[in-house]
Amino acid sequence: MGVTPKIAPSMLSSDFANLASEAKRILDFGADWLHMDIMDGHFVPNLTIGAPVIESLRKHTKAYLDCHLMVTNPIDYVEPLGKAGASGFTFHVEVSKENWQELIQKIKLKGMRPGVALKPGTPIEEVYPLINSEHPVEMVLVMTVEPGFGGQKFMPEMMEKVRMLRNKYPSLDIEVDGGLGPSTIDVAASAGANCIVAGSSVFGAPEPAAAISLMRKSVLENQEKC
């Protein structure tokens, strides 16, 4: 497979009062990306951060800001997030069935990398047109918990979606998010996931660097088997 491991600790599990120092700390521990959970209180019940926080954090880091938009109207967020300095813009397929082509093009025009996410109950086939498009998404995020809150239990049955994606698209970035950590990484990596979002299993670890290293090693070892 022509994909590289990207470990993306979820900043939702960090100390929001010290976001810049938390970002530096976790990058020093070996993180590849910083995963930013943007929730609108409508698509999911929780309400988190928006473009102003991304803009503030961008002043303190050059890191890849992997933004996952759990929002009802993602197209409204493209311009503000592009201006704020977001790197990746991952929207949900469930709310983009009518305008995903326009959405992908707008994301790219603003200099961000487009991705699509799907909830546990959404069939994987719904994202295929977005990958096969003339203007395709560059990453698929398979949710391994219901989006909206951290700390939920990993859903191993979602790995069939990852396997189907990896078999069909060998060089696609496939991200998993929800309940990932040392006890679940091997299942996800062996299914074909290479971008790993981990929150409490990194920020709550006695040695975050060891947790990040273990997850990267699992992705690399499983890719070698393919």
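A cavity is defined here on a 1 Å grid over the protein atoms alone, as a set of points where a 1.4 Å probe fits but cannot get out. Grid points are joined across faces, edges and corners, and a volume is the space filled by probe spheres set on the points. The structure on display is a predicted model, in which local features need pLDDT of at least 70 and side-chain atom pairs count only at pLDDT 80 or more, while totals for chains, interfaces and linings use all residues. Residues are numbered from 1 along each chain as its sequence is written, and side-chain values use heavy atoms, with hydrogens and water left out.

**First stop: the cavity**

A search of the whole structure finds one cavity of 30 Å³ or more. The largest cavity has a volume of about 30 Å³. To display its lining (residues with an atom within 4 Å of a point), select Tyr64, Asp66, Gly88, Phe89, Thr90, Arg113, Pro114, Gly115 and Met139. Strands are DSSP runs of E with at least two residues, and helices are runs of H or I with at least four, both numbered from the N terminus. Strand 3 (64-70), strand 4 (88-92) and strand 5 (113-118) each contribute at least two residues to this lining. By residue class, the lining comprises four nonpolar, three polar and two charged residues. In this scheme Ala, Val, Leu, Ile, Met, Phe, Trp, Tyr, Cys and Pro count as nonpolar, Asp, Glu, Lys and Arg as charged, and the others, Gly among them, as polar.

**Second stop: the annotated active site**

Select next Asp37 and Asp177, where UniProt places the feature "active site" in an unreviewed entry. They span 141 residues in sequence, yet no two of their C-alpha atoms are more than 10.6 Å apart, so they gather at one spot. UniProt positions follow the numbering used here, feature names are shortened, and annotations may be inferred rather than shown by experiment. Asp37 belongs to strand 2 (residues 33-39). With a relative accessible area of 8%, Asp37 is buried; buried means under 20%, exposed over 50%, and partly exposed in between (1.4 Å probe, protein chains only). Contact means heavy atoms within 4.5 Å. Leaving aside neighbours within four places in sequence, Asp37 is in contact with Ser10, Leu12, Thr48, Ile49, His68, Met70 and Asp177.

The unreviewed UniProt entry lists several "binding site" positions, including Ser10, His68, Gly179 and Gly199. Gly179 is found in the loop between strand 7 (173-177) and helix 7 (185-191), and is partly exposed at 33% relative accessibility. Beyond residues up to four places away in sequence, Gly179 touches Val145, Gln152, Phe154 and Thr184. Gly199 occupies the loop between strand 8 (195-198) and helix 8 (200-203), and counts as buried at 15% relative accessibility. Its contacts, neighbours within four places in sequence aside, are Ser10, Ser13 and Gly204.

Lys119 sits in the loop between strand 5 and helix 5 (128-132). The C-alpha atoms of Lys119 and Glu94, 25 residues apart along the chain, are separated by 8.0 Å. Glu94 is also one of the residues that Lys119 touches, among them Phe43, His92 and Lys161, not counting residues up to four places away in sequence.

**Last stop: the cysteines**

How many disulfides does the structure hold? There are zero disulfides, a disulfide being a pair of cysteine sulfur atoms within 2.5 Å. The sulfur of Cys67 is 14 Å from the closest cysteine sulfur, in Cys195, which is too far for a bond. Cys67 counts as buried at 0% relative accessibility, and Cys195 counts as buried at 0% relative accessibility.

Notes. On a 1 Å grid over the protein atoms alone, a cavity is a set of points where a 1.4 Å probe fits but cannot get out, and a pocket is an open set with protein on both sides within 12 Å along at least five of seven lines; lining residues have an atom within 4 Å of a point.
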